Amino acid sequence: DTLPNSLSRSVLRERIYSTALDYFSVAPGWPLHESHALRKDILVLIKFWHSLAAEKKYLKPALFTGTAAVLDSESGSTPVSTFVSSEGWMNTMTMSNRSKAKSLLGPSFSQKSEGPSTELVKVYLKKRSLIMALVCNEVERLSTLYNPLGDPEQGIEGEEALTGWQATNFLPSERSWKDYAKLAWHSSPHLAVHLTN
């Protein structure tokens, strides 16, 4: 038996998102390496952010119809990050216990007329936005440490795109901040605690 392509991609997407959220589940540390290595780290974060930004075109309900059917079947497998556990990293949790996952997604996961694939896309889009905002914040923090005086000669290419996205696309309301906090709490209470850092 082989998994449908969309299911494999969904599992990979969950693992990547969970690993990214794990990165922000601890208090930010101070880089201890040379400035050229810090610059490389910032460039990797910017490249990851651009990959997330480009991924939006793949997050459409039509691409998840097979995945949603498998997730809603008797197999009981669910997205990895829908589990809440008091131990272990999010990206190493098992993929079972459908009833717990549905309770985290809320009653709307199985009761809305839009279908489970649309709900799955909404969850992915929320996680994607949260991760993009956290990466923007981390790039800004590390760039300040790398170039504290704001010297244009030491500027990092691609950083303007993140700043522009933050200024135009990420203007969350009080309600959306509550949704982000709730999403962070469901992903990991440690992430929610360090969300303000």
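This is a predicted model: local features need pLDDT of at least 70, side-chain atom pairs count only at pLDDT 80 or more; totals for chains, interfaces and linings use all residues.
In both helices, the buried residues gather on one side: they line one face of α2, and they lie on the same side of α8.

**Helix α2**

- Helix α2 runs over residues 35–54, and its end C-alpha atoms are 29 Å apart. That agrees with expectation, because 20 residues at 1.5 Å a residue should span 28 Å.
- The buried residues here are L38, I42, L45, I46, W49 and L52.
- Looking down the axis of α2, these buried residues fall within an arc of 115 degrees, so they line one face of the helix.
- Turn to the other side of α2 and you will find H36, K40, V44 and K47, which are exposed.
- As for partners, the buried residues of α2 pack against α1 (5–23), α6 (116–146) and α7 (159–168).

**Helix α8**

- Helix α8 has 14 residues, 174–187. From its first C-alpha to its last it reaches 20 Å, close to the 20 Å expected at 1.5 Å a residue.
- S176, Y180, L183, A184 and S187 are the buried residues in α8.
- Around the axis they cover an arc of only 100 degrees, which puts them on the same side of α8.
- On the face turned away from that buried side, α8 carries E174, R175, K178 and K182, which are exposed.
- The cover over the buried residues of α8 includes α1, α6 and α9 (189–193).

Technical notes: Residues are numbered from 1 along each chain as its sequence is written. Side-chain values use heavy atoms; hydrogens and water are left out. Helices (H or I, at least four residues) and strands (E, at least two) are DSSP runs, numbered from the N terminus. The expected span of a helix is 1.5 Å times one less than its number of residues. Buried means under 20% relative accessible area, exposed over 50%, partly exposed in between (1.4 Å probe, protein chains only). The arc is that of the directions from the helix axis to the C-beta atoms. Contact means heavy atoms within 4.5 Å.
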